[in-house]
Amino acid sequence: MAFWDQLKSKAQELNGQLQTKTSQFKNKEFANGSMAMCALIAAADGTIDPAERQKKASLIAGNEALRVFEPDELRQKFDWYCDKLQGDFDFGKVEATATIGKLKSKPDQARAVIQIGIIIGGADGHFDDHEKAAVRNACFAVGIDPAEFEL
């Protein structure tokens, strides 16, 4: 199976798992961690161009697993983290990673946020090295071995 087919299959599997879990994770920390992860994916190469930002926002709005949250609230959170990353990438990265790190004591929620990062990162058919590194860093922030996700 080609890499793209494997990635697509894995993303579908993760999305299915997430749909059953996220309804029980409907809380502010999970929503914030998810949007911080999405912003880190959008900014993985160090910049966020408007097209990339819009594309990721559309993916978030269309993601079944995140439908338990109000779309406007998710968009505001995503934009807030993106603005932080654009204003000062290093500081924004620290802040977004710290937000994800708050889920360390909630391993199921932490794994779900990591899965969201993988799904959003691979949604365009190309899960690049920068995106993988962003997800790996998030894994470290929550104390999960990146190898669990083949990173």
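How are H2 and H4 oriented to each other, roughly parallel or oblique? The answer comes below, after a look at the whole chain.

This is a predicted model, in which local features need pLDDT of at least 70, side-chain atom pairs count only at pLDDT 80 or more, and totals for chains, interfaces and linings use all residues. Residues are numbered from 1 along each chain as its sequence is written, and side-chain values use heavy atoms, with hydrogens and water left out.

The chain holds 7 helices and 0 strands. Helices here are DSSP runs of H or I with at least four residues, strands are runs of E with at least two, and both are numbered from the N terminus. Along the sequence the pattern reads α-α-α-α-α-α-α. Of the 151 residues, 44% count as buried. Buried means under 20% relative accessible area, exposed means over 50%, and partly exposed lies in between, with a 1.4 Å probe and protein chains only. Take the contacts between residues at least 6 apart in sequence: 75% of them join residues at least 24 apart. A contact means heavy atoms within 4.5 Å.

Start with H2, residues 28-42. This helix has 15 residues and reaches 21 Å from its first C-alpha to its last, close to the 21 Å expected at 1.5 Å a residue. The expected span is 1.5 Å times one less than the number of residues. H2 is mostly covered, with 13 of its 15 residues buried. Asn 27 caps its N-terminal end: a side-chain oxygen of Asn 27 lies 3.1 Å from the backbone nitrogen of Glu 29.

Now the packing. Two packed helices are described by the angle between their axes and the distance between the axes. Axes are lines fitted to C-alpha atoms, for helices over the stretch in contact, and angles run from 0 to 180 degrees between N-to-C directions. Under 35 degrees counts as roughly parallel, over 145 as roughly antiparallel, 65 to 115 as roughly perpendicular, and the rest as oblique.

The axes of H2 and H4 (residues 71-87) come within 8 Å and cross at roughly 50 degrees. H2 and H4 are therefore oblique to each other. On the H2 side, the contact residues include Ala 31, Met 35, Ala 39 and Ala 42. On the H4 side, they include Leu 74, Phe 78, Tyr 81 and Leu 85.

H2 also packs on H7 (residues 129-142), where the axes come within 8 Å and cross at roughly 150 degrees. That angle makes H2 roughly antiparallel to H7. Met 37, Leu 40 and Ile 41 of H2 meet Glu 131, Ala 134, Val 135 and Ala 138 of H7.

H7 has a further partner, H6 (residues 107-122). Their axes come within 10 Å and cross at roughly 175 degrees. H6 and H7 are therefore roughly antiparallel to each other. Among the residues in contact are Ala 110, Ile 114 and Ile 118 of H6, and Val 135, Cys 139 and Val 142 of H7.

Two single residues remain. Val 94 is found in H5 (residues 89-101). Val 94 counts as exposed because its relative accessibility is 55%. Val 94 and Lys 84 are 10 residues apart in sequence and 9.9 Å apart in space, C-alpha to C-alpha.

Glu 150 sits in the segment after H7. Its relative accessibility is 70%, so Glu 150 counts as exposed. Most residues other than glycine have a negative phi. Glu 150 has a positive phi of about 60 degrees although it is not a glycine.

Technical notes. Polar contact = N/O pair within 3.5 Å; in protein donor to acceptor, adjacent residues only side chain to side chain.
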